[in-house]
Amino acid sequence: MPALTLGLAQIKTKLGAVQANLEKHLALIDDAAKAGVQLLVFPELSLTGYVLQDLVPTVACAPTPDDPVFSQLLAVSRARNLDLVVGFVDEDQRNRFYIASAYLSQGRVVHVHHKVYLPTYGLFDEGRFFAWGDAVRAFDTRFGRLGMLICEDFWHASAPYLLWLDGADVMLFASASPGRGLNSAPTLESARWVEHVLKAYASLFTTFVAHTNKVGFEDGLNFWGGAVAFDPNGDQLVQGPYHEEALVVTTLDLNQLHRTRARLPLLRDERHALVAREIARITAGSAGARDKG
Amino acid sequence: MTNISLDINTDLARQILTQFLREEITRTGLSRAVVGLSGGIDSALACCLAAEALGPHNVLAVCMPYRTSAAESLEHAQLLIAQLGVPSLTVPITDMAEPLLNRFPDMSNLRRGNIMARLRMIVLYDQSAAFGGLVVGTGNKTEIMLGYSTLFGDSAHALNPLGDLYKTQVRQLARALGVPAPILDKAPSADLWPGQTDEAEMGLTYARADQLLYLLVDQRYKPEECVAAGFDAGFVRTVVDRLRRNHFKRVMPLVAKLSNRTVGYDFLYLRDWGT
């Protein structure tokens, strides 16, 4: 598989209006298919909007073929031969609600990631409304082995590190990142922070990293868009506009993995057994420290 | 003295704030705005942003002078109205204010000022219904933090593009948006009585207050760290005290909780719910 044409959707959403958001997804999927996109990634909670609060239980769905929302997305993934990452609220069998991203391909749900880090500080209150995911796993697709993370997940270096060790050569990150930190610079601090860490991950893990983010407003919060992708050298492949809806398309030359890792064998030399030993020692030794699980 | 820059990128501020006004007004089903123009820099900037966001013909500028208002206030408002090409209306509040003011002849300036601010709110909300537009607020972050506003008066509005910009930043953005020079250059005043200026009334300068608030609020400095950074201890105490004392103006009225689900505590939805 030498190349992957990747679409990054930066969209506005209607807060709590799943049907309206689904229709927007279907329209954009149509545009993306016409543009030759093979894999289209939507932002965090793209089917629901972000600051859901007490709307959470009313907008949840299940990533299964009999779900009225997912049945349509699965059908279109098959009909348009287009893989999808969509953001939604997942309610499990025991009625716990997760911020989730699902990878859909050719009518099947290939993988679901539950957000493992829920920011509950500053302007964020996710831990109040959502359950914490408890797995970070790469998964196989027809484009190779991929990994997904959601927003705060990738502010903890361990999450992309685990995906890297688990075989992900393309990392797909989805966010609903509120814009903040206006100063004299031409972009918001929140955008610059994200771009720094994405570039760093692409460089350190010699892997592709792509990120998309919601746009528009929810009350006074702005969401800044700015979808980007970096190649395994840490070079930026594409930059979406800030604060505007867009379908951002770029082609990943997957052979770049071979060339970069031939030059820079960081993956070959990574000593994860050493990491595991040291983490076991640190965890065992920190009797006073609370284990966050 | 610690070097504190409050400079903002005005292009980015302009983009976000015009999008904010357009998106948050149109998602209610409306497409128009009403702005009370005082002749000062804050309302001038709010009006510029609204005109850019919605188109000038969708913004109604309302001037509401009282008999003691400075003549130049109205002139400056007219200057901006002419520049932007927005429809406008002048509704003097004198006839509405006098019966109440005359009933209490020994009324303090504070009470008189509050009455004027609340009468202007009544006019603006009436025009909101008549014109079919949301009332755009014009209070800046400095005023909000120091509590320099009238509750249910100038603090009453549907949405506020300026509430996270300090006065210094308002001035920078107003200049970038082409607010006329006479408005940019004059001393800030609530114009509630002749010769009043904000800075004299509060006993501080916006330049210093903005820098101190930036450290206290945005950078989370402790008061003693602000003193160590070069601010006068008495000034720091005054500002910290104003911040706390005026918090009631920044929150919704208290609801006494009795049931299992109560507005403000565990009935939680954004205003944009469903839109």
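**Notes on the predicted two-chain model**

1. B:Cys226 is buried, at a relative accessible area of 0% (buried means under 20%, exposed over 50%, partly exposed in between, using a 1.4 Å probe and protein chains only). B:Cys48 is buried as well, at 5%. For disulfides (a pair of cysteine sulfur atoms within 2.5 Å), the count over all chains is zero. B:Cys48 is in no disulfide, and the nearest cysteine sulfur, from B:Cys47, is 6.5 Å away.

2. Some bookkeeping before going on. This is a predicted model, where local features need pLDDT of at least 70 and side-chain atom pairs count only at pLDDT 80 or more, while totals for chains, interfaces and linings use all residues. Residues are numbered from 1 along each chain as its sequence is written, chains are lettered from A and ligands numbered from 1 in the order in which they are written, and side-chain values use heavy atoms, leaving out hydrogens and water.

3. Now the sheet in chain A. Six strands make an open sheet with mixed pairing, in the order E6-E7-E8-E9-E12-E13 (strands pair if DSSP finds at least two bridges between them; helices, H or I of at least four residues, and strands, E of at least two, are DSSP runs numbered from the N terminus). Its edges are E6 (139-141) and E13 (236-239), each pairing on one side only. On average, neighbouring strands are turned by 20° against each other, direction ignored (axes are lines fitted to C-alpha atoms, for helices over the stretch in contact, with angles running from 0 to 180 degrees between N-to-C directions).

4. Within that sheet, E9 (residues 208-213) and E12 (residues 228-230) of chain A pair antiparallel over three bridges. There, A:Val209 stands opposite A:Phe230 of E12.

5. In chain A, A:Glu245 and A:Lys24 form one, with the closest N and O atoms 2.6 Å apart. That pair links distant parts of the chain, 221 residues apart: A:Glu245 is in the loop between E13 and E14 (246-253), and A:Lys24 in helix H1 (residues 18-34). Both ends are partly exposed, A:Glu245 at 38% and A:Lys24 at 31%.

6. Chain B has B:Arg14 and B:Glu52 meeting at 2.8 Å, N to O, in a salt bridge. B:Arg14 lies in helix H1 (residues 10-26) and B:Glu52 in helix H2 (residues 41-54), so parts 38 residues apart in sequence are tied together. By contrast, what separates B:Asp241 and B:Arg245, a salt bridge at 2.9 Å, is about one helical turn, because they are four residues apart in helix H12 (residues 233-245) of chain B.

7. One for the chain-chain list: A:Lys12, B:Glu23, B:Glu24, B:Arg27 and B:Asp272 are linked in a network of salt bridges.

8. Aromatics next. The search finds 17 aromatic pairs over all chains (Phe, Tyr and six-membered Trp rings with centres within 6.5 Å; planes under 30 degrees apart are stacked, over 60 edge-to-face, the rest tilted). B:Tyr269 and B:Trp273 are stacked, 3.7 Å centre to centre with 5° between the planes. A:Phe154, A:Trp155, A:Tyr161, A:Trp164, A:Phe173, A:Tyr201 and A:Phe205 form one cluster.

9. Last, charges over rings (NZ of Lys or CZ of Arg within 6 Å of the ring centre and within 35 degrees of the ring normal). The charged end of A:Lys214 sits over the ring of A:Phe223, 4.8 Å from its centre, and B:Arg32 lies over the face of B:Phe131 at 3.8 Å from the ring centre.

Methods: A salt bridge is a side-chain nitrogen of Lys or Arg within 4 Å of a carboxyl oxygen of Asp or Glu.
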